[in-house]
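Here are my notes on the model you sent over.

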Protein chains: 2
Amino acid sequence: MDIPTYDDMLAAHDRIAPHIRRTPIRVSHYLNELTGADLFFKCENFQEPGAFKVRGASNAVFGLDDAQAEKGVATHSSGNHASCLSYAAMLRGIPCNVVMPRTAPQAKKDTVRRYGGKITECEPSTSSREETFSKVQAETGGDFVHPYNDPRVIAGQGTCSKEFIEQTEGLDMVVAPIGGGGMISGTCLTLSSLAPETKVIAAEPEQADDAYRSFKAGHIIADDAPETVADGLKVPLKELTWHFVSNHVTDILTASEDEIVDAMKLTWKRMKIVIEASCAVPLATIIKNRDRFAGKRVGVIITGGNVDLDTLPWIKG
Amino acid sequence: MDIPTYDDMLAAHDRIAPHIRRTPIRVSHYLNELTGADLFFKCENFQEPGAFKVRGASNAVFGLDDAQAEKGVATHSSGNHASCLSYAAMLRGIPCNVVMPRTAPQAKKDTVRRYGGKITECEPSTSSREETFSKVQAETGGDFVHPYNDPRVIAGQGTCSKEFIEQTEGLDMVVAPIGGGGMISGTCLTLSSLAPETKVIAAEPEQADDAYRSFKAGHIIADDAPETVADGLKVPLKELTWHFVSNHVTDILTASEDEIVDAMKLTWKRMKIVIEASCAVPLATIIKNRDRFAGKRVGVIITGGNVDLDTLPWIKG
């Protein structure tokens, strides 16, 4: 297992800095009063493609040697990773092949195509996805960039916390959502060296709490097909992210669907930023566990803002 | 007529700086490509009470002498001015009395009350409002702070453009929405001294184009009860704001209801910020008049983000 190091993260930051945004920190007096904590929100939704995943994707894309770059990159994903990888590949001017279930939302396909990604559709099953992906990779020679179980991706996501510590001059804890664990792993990677006193808390939907149960059990537990409004957080941990979660995460807290939607709407209303349900989970857990956070300097990573504005979870259709 | 000066604006900025946010500038590669311009968005929606009006309100509130401060301030408004004045009064710890039609949305009343404002309801007519306001003012001695036709308010709004020029190192033009003209007047006040080469363009809904028609006619034309989704822009110019509009504004451009809603949704989608329909009018006019803006460095003032999230104009109920 090729575990990324702190130096890999530093190299990643040098590599991707020209291609990503050093996203701003925002605060809200209102949310500070509500929670009793000093909250600092790192707005990764302000990355040009709308999500932190552009960090890991750019690190992978801009780290390729010229020979591999010519063949480009490939992935299977129906979420932010696919569009961020396409975006990074577009910036470098190299091919990006994406295998997506034919049932994926049209908006997601449109975004990948707008960034020049080439989509090959598969049936919505694991076997069809794997078979289709093998074929695409064999044909194109594209370098496989996994959405999170890839040391280049984890090192890239870790650059977010480096900026966070520099911008806030220190935090008692950082809370980030956990799905596959890429952002949480990058956060652990960076903070365990740069700010070892800063605790890392992962936040997860109750209805997709496989990381929570893995954390308690001491080994990876993967759910089959969890259903949650936080659709970026349905995927299971893998060996690389489990390494960081099991070694460095202080705790995993969960929130219900209603709590997540309430925290999402509250963030839109009070902070005037568009955030995905997935990154409302940290605020939901902070509101729910007031005693854990009150009086502390708490960093919250707003991981993305790619939302279907026509169907908001608090508006019944 | 007591016309505020550039020095008044500088004094206002010193006075209010501890109480407001120096709001960030955001850019979007996507919107730059769409418009052909270099767009810079000044995010006044990120002020704690969600709108630029906290600038003018704070300047009025913190400029009062102690004797007047004890009696507090008063206004009639059902929009952002009422909540921003209440917020500023709360910061100074003085009374704020607001006369509001009993038909005003509950959410607006709640916001004023949350900031400690005291609401006296009137009937939804001009005569009832004036009568009720006279009574409240006589009883409380509160200093009347008009939403825009007040030199302290205009000087306060002008502080936004001072920051804007400092943060962008120069702009070819600034586009801001026009309703009563407070923000546009402050923009003219500041830029005519600080950056006289920077043009000031006002943007207005076609369905509430009284400022456009005033500008063409050379005198104030007030509409009776215009209807537009940009509900912050229904009020007419007054003598002080007309002074700035008639002397300093380069042009007034208009946009249809559909164009405004499209620009609003596009801003949410691409920039991940929650903005009111009122401050989508500038982007709508920029998209509509591409040739006027392409190749230019264009500042856009995002005036506010206080939106009813349960009823969005692009979602049919």
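1. Let's start with the domain layout of chain A. This is a predicted model, and in it the C-alpha centres of domain 1 of chain A and domain 2 of chain A sit 24 Å apart. Domain 1 of chain A is made of two stretches, 6-52 + 150-302, and domain 2 of chain A covers 54-144. Those bounds come from an automatic or database domain assignment.

2. How do the two domains touch? On one side there are 21 residues of domain 1 of chain A, and they are in contact with 15 residues of domain 2 of chain A. On the domain 1 side, helix 1 (6-16) and helix 8 (151-168) of chain A each supply at least two residues. Helix 8 of chain A gives the most there, with 8 residues. By type, the domain 1 side that touches domain 2 in chain A splits into 10 nonpolar, 7 polar and 4 charged residues.

3. Helix 8 is worth a look in chain B too, this time for how it packs on helix 9. The axes of helix 8 (residues 151-168) of chain B and helix 9 (residues 182-194) of chain B come within 7 Å and cross at roughly 55°. That angle makes helix 8 of chain B oblique to helix 9 of chain B. The crossing of helix 8 of chain B past helix 9 of chain B is right-handed.

4. Now the residues at that crossing. Helix 8 of chain B brings residues including V153(B), I154(B), G158(B) and I165(B), while helix 9 of chain B brings, among them, G182(B), M183(B), L189(B) and L194(B). Taken together, the residues of this helix 8 to helix 9 contact in chain B divide into 9 nonpolar, 8 polar and 1 charged.

5. On to the pair of chains. Chain A can be laid on chain B with an RMSD of 0.0 Å, using a turn of 180° and a shift of 0.0 Å along the axis. The two copies are thus related as by a two-fold rotation axis. Which residue of chain A comes closest to the rotation axis? That's I273(A), whose C-alpha is at 2.2 Å. The same surface serves both copies, with 100% of the contact residues of chain A recurring in chain B.

6. Last, the make-up of the chain contact. Chain A puts in 17 residues and chain B puts in 17 residues. Helix 12 (residues 257-271) of chain A gives the most to the side of chain A that touches chain B, with 3 residues. That side of chain A divides into 7 nonpolar, 4 polar and 6 charged residues.

Technical notes: Residues are numbered from 1 along each chain as its sequence is written. Chains are lettered from A and ligands numbered from 1 in the order in which they are written. This is a predicted model: local features need pLDDT of at least 70, side-chain atom pairs count only at pLDDT 80 or more; totals for chains, interfaces and linings use all residues. Two residues are in contact if their C-beta atoms, placed from the backbone, lie within 7 Å. Helices (H or I, at least four residues) and strands (E, at least two) are DSSP runs, numbered from the N terminus. Ala, Val, Leu, Ile, Met, Phe, Trp, Tyr, Cys and Pro count as nonpolar, Asp, Glu, Lys and Arg as charged, and the others, Gly among them, as polar. Copies are superposed by least squares on the C-alpha atoms of residues with pLDDT of at least 70 in both. Axes are lines fitted to C-alpha atoms, for helices over the stretch in contact, and angles run from 0 to 180 degrees between N-to-C directions. Angles under 35 degrees count as roughly parallel, over 145 as roughly antiparallel, 65 to 115 as roughly perpendicular and the rest as oblique. A crossing is left-handed if the near helix is turned anticlockwise from the far one by less than a right angle, and right-handed if clockwise.
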